[in-house]
Amino acid sequence: MPASAMEEVDLITGISLALPGEGPIFLGGMATEAVGYYIQVKAAAVSLPGSKMNALGTSKQQRLFIDSVFSRLDPILNVDFARQKDKQGSLIDFYSVDNIGGNKANLGMALRQGNKFDLLWKQTSGDNSICSSDKESIVHEVGHALGLRHPFDDPWNPAFTTASTAMSYNTDATMASNPWFSANDLAALVKIWGPETDPVIA
Ligand SMILES: [Zn+2]
């Protein structure tokens, strides 16, 4: 596929290091705090620029996991995430696929199209469940969409595991059962998006 159309975008250098002044330049520059996301529910042929693929559709369990990623980030970041029923105006779209770019090793990809990200993850569980590998892929690709890069631009960098950053490909055994962003990742995301400022309603 043409690399220009299937660009994996990384915006923050190093581990948990937001570049000074980088700011939320992605996702349309964020005129508002609202970020809508969409999850492809049914199996369908999907055309993305430079690529056609078959989205497998997602199960309720899989969609609930994606929802949980955003609902855990929402009170930390100055962004309000909301799932949309269609792609109109959404900034992050999820597709579960059976292959990514024809490369069996690819488990996920974040594709930027203008102000919007398409996030692909390869279902490895083979049924409607969601295994830890798929959870890792989803957390990782959300990290890309929100501006995180691989540790020093090398996802296989042996100095890091998913215990130090969800942007590593090296799975830490203790993180595998419950993939999530590290404290470093969350600090980087807060640096990018700002801390949550919504009033707390007790
Ligand atoms: Zn990546």
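Which hand does the crossing of α1 and α2 have? It is right-handed; a crossing counts as right-handed if the near helix is turned clockwise from the far one by less than a right angle, and left-handed if anticlockwise. Some notes from going through the model follow.

1. Ground rules. This is a predicted model, where local features need pLDDT of at least 70 and side-chain atom pairs count only at pLDDT 80 or more, while totals for chains, interfaces and linings use all residues. Residues are numbered from 1 along each chain as its sequence is written. Helices (H or I, at least four residues) and strands (E, at least two) are DSSP runs, numbered from the N terminus.

2. Length of α1. Helix α1 covers residues 60–73, which is 14 residues, and at 1.5 Å a residue it should span 20 Å. The expected span is 1.5 Å times one less than the number of residues. The end C-alpha atoms of α1 are 20 Å apart, which agrees.

3. Gln62, Ile66 and Val69 are buried in α1. They sit on the same side of α1 because they cover an arc of only 50° around the axis, the arc being that of the directions from the helix axis to the C-beta atoms. On the face turned away from that buried side you'll find the exposed residues Lys60, Gln61, Leu64 and Ser71. For the labels: buried means 20 or more other C-beta atoms within 10 Å of a residue's own, exposed means 12 or fewer, and partly exposed is in between, with C-beta atoms placed from the backbone.

4. What α1 packs on. Its buried residues pack against β1 (34–39), β5 (92–97) and α2 (132–145). Contact here means that two C-beta atoms, placed from the backbone, lie within 7 Å. Where the two helices meet, Phe65, Ile66 and Val69 are on the α1 side, and Lys135, Ile138, Val139 and Val142 are on the α2 side.

5. Angle between α1 and α2. Their axes come within 11 Å and cross at roughly 40°. Axes are lines fitted to C-alpha atoms, for helices over the stretch in contact, and angles run from 0 to 180 degrees between N-to-C directions. The two helices are therefore oblique to each other: under 35 degrees counts as roughly parallel, over 145 as roughly antiparallel, 65 to 115 as roughly perpendicular, and the rest as oblique.

6. Leu56. Look in the loop between β3 (51–55) and α1. Leu56 has 17 other C-beta atoms within 10 Å, so it is partly exposed. Leaving aside neighbours within four places in sequence, Leu56 touches Ala43, Ser96, Val97, Asp98 and Gln123. The C-alpha atoms of Leu56 and Ser96 are separated by 5.6 Å, although the two are 40 residues apart along the chain.

7. Two backbone angles to check. Most residues other than glycine have a negative phi. Phe152 has a positive phi near 50°, and Asp153 has one of about 65°. Phe152 is partly exposed, with 14 other C-beta atoms within 10 Å, whereas Asp153 counts as exposed with 11.

8. Helix α4. In α4 (residues 183–193), Asn184, Asp185, Ala188, Leu189, Ile192 and Trp193 are buried. They cover an arc of only 150° around the axis, which puts them on the same side of α4. Part of their cover is α2. Gly194 follows α4, with a positive phi near 85°.
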